[in-house]
Amino acid sequence: MASEPVARAVAEEVGRWGSMKQTGVSLRYMMEFGSRPTPRNLLLSAQFLHKELPIRFARRALELESLPFGLSNKPAILKVRDWYLDSFRDIRYFPEVRSRNDELAFTQMINMVKMRHNNVVPTMALGVQQLKKELGHSRKVPFEFDDQIHDFLDRFYMSRIGIRMLIGQHVALHDPQPSGVIGLINTRLSPIQVAQAACEDARAICLREYGSAPDINIYGDPNFTFPYVTHHLHLMLFELVKNSLRAVQERYMNSDKDVPPVRIIVADGEEDVTIKVSDEGGGIPRSGLPRIFTYLYSTAKNPPELDRPNFGVTMAGYGFGLPISRLYARYFGGDLQIISMEGYGTDAYLHLSRLGDSEEPLP
């Protein structure tokens, strides 16, 4: 356990770095820089991250210590805060990166840091769920609770996407890259292929939980490609398709009618690539639509407990899939919109910006 002077010194260091301004990097620059992963460029990238990442980790650690409604004191939130403090220390006290060997050691270290944060999203959700339960039992849920917690989580998760993108891009540049891939960015990504993979994964979950799964029809040009991060698109489509499969499956579970398929349409526009996920699962009541992008709201009848050991991917219940999917879309300048027709079904519109055209700094 750290002695008090050491702990105080770390706290002062976190405060100092957390007051610094973070530096945004545009995706165009990331693509141009990453297209030449020479040892010199990788060294420059590592030197930038050595200075930039402590600022980002410190800012989040400070925010985690000053959350409203006593959220900072919840065990799950304290665990996440400690992960951020550990990561700040690991990077801040790593020696200056001056050589190829330094750069390789630094790359290995930040990859471990990235893995440390793999479970941040569900752990944060657990902390918020615990607080909401506690306030609910005491019947003292403040009027502004949802708005303040939502704004914090939006900032926090968007920052997490940015940190993981910076680390992941640097680490991926060390891998032998197939043609058309720059780190995490696939310059010739096929949305049809990503949709097919996401559908297979979502149907597997549906089959596991219900014993059957609706069909999925995908429409669009199979030869169309554009620059995007494969993992981000897969994550968003998996969430949207999973929601649609659950809605259709539950609506038609005890029906003699033919089960309608989920439909995915990929459209190549001049400004955006738009993907529509459309179902006939009964839709969402109009009163529920404003809440679908709030954290820990779920349409599932029996949401699972987050604090059971080894919770995995389920069809529904945690309530952070849609808001985080929207953040992934917005991170690169896109968006996610949901339009519902209660009694019929739901259309989700995923708008994706063309990454190669963006010169705006990423969050």
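A residue is called buried under 20% relative accessible area, exposed over 50%, and partly exposed in between, with a 1.4 Å probe and protein chains only. At 22% relative accessibility, valine 181 therefore counts as partly exposed.

This is a predicted model, in which local features need pLDDT of at least 70 and side-chain atom pairs count only at pLDDT 80 or more, while totals for chains, interfaces and linings use all residues. Residues are numbered from 1 along each chain as its sequence is written, and side-chain values use heavy atoms, with hydrogens and water left out.

**The chain as a whole**

- The chain has 363 residues, and 50% of them count as buried.
- Its secondary structure comes to 10 helices and 8 strands; these are DSSP runs numbered from the N terminus, with helices being H or I of at least four residues and strands being E of at least two.
- A contact means heavy atoms within 4.5 Å. Among contacts in the chain with a separation of 6 or more, 76% are between residues 24 or more positions apart.

**Strands and their pairing**

- Two strands pair if DSSP finds at least two bridges between them.
- Strand β2 (residues 185-189) and β4 pair in the antiparallel sense over 3 bridges, and isoleucine 185 has valine 229 as its bridge partner in β4.
- Strand β3 (residues 216-219) runs parallel to strand β5 (residues 262-268), joined by 4 bridges; here asparagine 217 is partnered by arginine 263 in β5.
- β5 also runs antiparallel to β6, with 6 bridges, and the partner of aspartate 268 in β6 is valine 273.
- The hairpin formed by β5 and β6 has 3 residues between the two strands.
- In a regular strand the side chains alternate between the two faces of the sheet.
- β4 is covered on both faces: Phe226 and Tyr228 are buried on one side, and Pro227 and Val229 are buried on the other.

**Valine 181**

- Valine 181 sits in strand β1 (residues 181-182).
- Leaving out residues up to four places away in sequence, valine 181 touches Asn186 and Thr187.
- Valine 181 and tyrosine 228 are 47 residues apart along the chain, and their C-alpha atoms are separated by 9.7 Å.

**Serine 278**

- Serine 278 belongs to strand β6 (residues 272-279), and it counts as buried because its relative accessibility is 7%.
- Not counting residues up to four places away in sequence, serine 278 touches Pro261, Val262, Arg263, Thr346 and Asp347.
- The side chains of serine 278 and aspartate 347 make a polar contact at 2.5 Å. Such a contact is a pair of N or O atoms within 3.5 Å; within protein, one must be able to donate a hydrogen and the other to accept it, and residues adjacent in sequence count only if both atoms are side-chain atoms.
- Serine 278 and alanine 348 are 70 residues apart in sequence, with a C-alpha to C-alpha distance of 6.4 Å.

**Aromatic rings**

- Rings of Phe, Tyr and Trp (its six-membered ring) pair if their centres lie within 6.5 Å; planes under 30 degrees apart count as stacked, over 60 as edge-to-face and the rest as tilted.
- The structure holds 11 aromatic pairs. In one of them, the ring centres of phenylalanine 224 and phenylalanine 226 are 5.8 Å apart and the planes are at 5°, so the pair is stacked.
- Phenylalanine 224 and phenylalanine 226 are both buried.
- Tyrosine 228 and phenylalanine 332 form an edge-to-face pair, 5.5 Å centre to centre with 75° between the planes. Because tyrosine 228 lies in strand β4 (residues 226-229) and phenylalanine 332 in the loop between α10 and β7 (335-341), this pair ties together parts that are 104 residues apart in sequence.
- Both tyrosine 228 and phenylalanine 332 are buried.
- One aromatic cluster is formed by Phe57, Tyr84, Phe152, Phe156, Tyr157 and Tyr295.

**Helix α10**

- Helix α10 (residues 321-331) is mostly covered, with 10 of its 11 residues buried; among them are Leu322, Ile324, Leu327 and Tyr331.
- Glycine 333 follows α10 and has a positive phi, near 90°.
- Arginine 326 lies over the face of phenylalanine 293, at 4.1 Å from the ring centre. A charge sits over a ring if NZ of Lys or CZ of Arg is within 6 Å of the ring centre and within 35 degrees of the ring normal.
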